[in-house]
Amino acid sequence: NIPFNHEPQPTHNYTPAHTYTQKHTLLLMSLTALYKERQSAQLAQDRELERRRRLAMQSVEAVTAALLDGVNSGVAEVFANQRRIEERSRLLQAQTTTFSKQTANWLQLVEKFYSSLKELGDIENWAMMLETDMQAVASALTYCQKSNSA
């Protein structure tokens with residue numbers, strides 16, 4: 001059972017150099033293809049992420065604009081109400097000042113009227129006292145006249 005070509009059989013598992021290089025080249029090409037495929041997938045994923053980020057930003061901007069519009073309209077309404085309140089407050093203050101002056105004038109008139117009534121009361125009282133005194137004088141004169149005639 002001796003081999004025909006009389007070449008010694010290798011006792012170890014060495015691969016010929018050209019076979020090793022082919023396997024190495026195939027492995028390298030596979031790794032390169034995997035790397036390129038991964039880069040392509042990563043690029044596509046990055047693009048999708050950026051697209052979603054832009055959509056999210058647009059949505060946030062739309063919500064922010066809507067909220068600001070709501071707040072701004074509320075602020076504008078509050079400002080308009082504040083202006084109306086201030087105008088009405090000034091008007092009320094002017095009316096209050098006018099009413100206060102009128103009230104002071106009325107109080108003066110009432111006081112003058114009361115003083116006049118008091119003077120009338122004093123005059124009436126004086127007149128009644130004068131009448132009483134006159135009646136006393138008339139009675140005394142009548143008594144004197146009756147005493148002199150008798």
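Here is a short walk through the structure above, from its overall build to a few side chains.

Before we start, keep in mind that this is a predicted model, where local features need pLDDT of at least 70, side-chain atom pairs count only at pLDDT 80 or more, and totals for chains, interfaces and linings use all residues. Residues are numbered from 1 along each chain as its sequence is written, and side-chain values use heavy atoms, with hydrogens and water left out.

Let's begin with the whole thing. The secondary structure amounts to one helix and zero strands. Helix H1 covers residues 17-149.

So how much of this protein is tucked away? Buried residues make up 1% of its 150 residues. Here "buried" means under 20% relative accessible area, "exposed" means over 50%, and "partly exposed" is anything in between, using a 1.4 Å probe and protein chains only. In total the protein exposes about 14,400 Å², and carbon and sulfur atoms supply 62% of that. Areas like this come from the Shrake-Rupley method with a 1.4 Å probe; for residues, only the protein chains shown count as cover.

Now look for salt bridges, meaning a side-chain nitrogen of Lys or Arg within 4 Å of a carboxyl oxygen of Asp or Glu. How many are there by this rule? The count comes to three. Start at Glu48, which is linked with Arg51 and Arg52 in a network of salt bridges. Between Arg51 and Glu48, the closest N and O atoms are 2.5 Å apart. Because these two sit three residues apart in helix H1, about one helical turn separates Arg51 from Glu48. Arg52 also meets Glu48, at 3.0 Å from N to O, and this pair is four residues apart in helix H1, again about one turn.

Are these side chains hidden or out in the open? Arg52 is exposed, with a relative accessible area of 53%. Arg51 is partly exposed at 39%, and Glu48 is partly exposed at 27%.

The remaining pair to visit is Glu50 and Arg53, whose side chains meet in a salt bridge at 3.1 Å, N to O. Both lie in helix H1, three residues apart, or about one turn of the helix. Glu50 counts as partly exposed at 33% relative accessibility, and so does Arg53 at 44%.

Next, move along to Thr96, which is also in helix H1. A polar atom of the Thr96 side chain lies 2.7 Å from the backbone oxygen of Leu92. Thr96 is partly exposed, with a relative accessible area of 44%.

Finally, find the nonpolar surface patch of about 760 Å², made by Phe113, Leu117, Leu120, Ile123, Trp126, Leu130 and Met134. Patches are made of residues with over 30% relative accessible area and no salt bridge, joining like charges within 9 Å and nonpolar side chains (Val, Leu, Ile, Met, Phe, Trp, Tyr) within 5 Å. Take Ile123, one of the patch members: its place is in helix H1, and at 48% relative accessibility Ile123 counts as partly exposed.

Definitions and conventions
A polar contact is a pair of N or O atoms within 3.5 Å; within protein, one must be able to donate a hydrogen and the other to accept it, and residues adjacent in sequence count only if both atoms are side-chain atoms.
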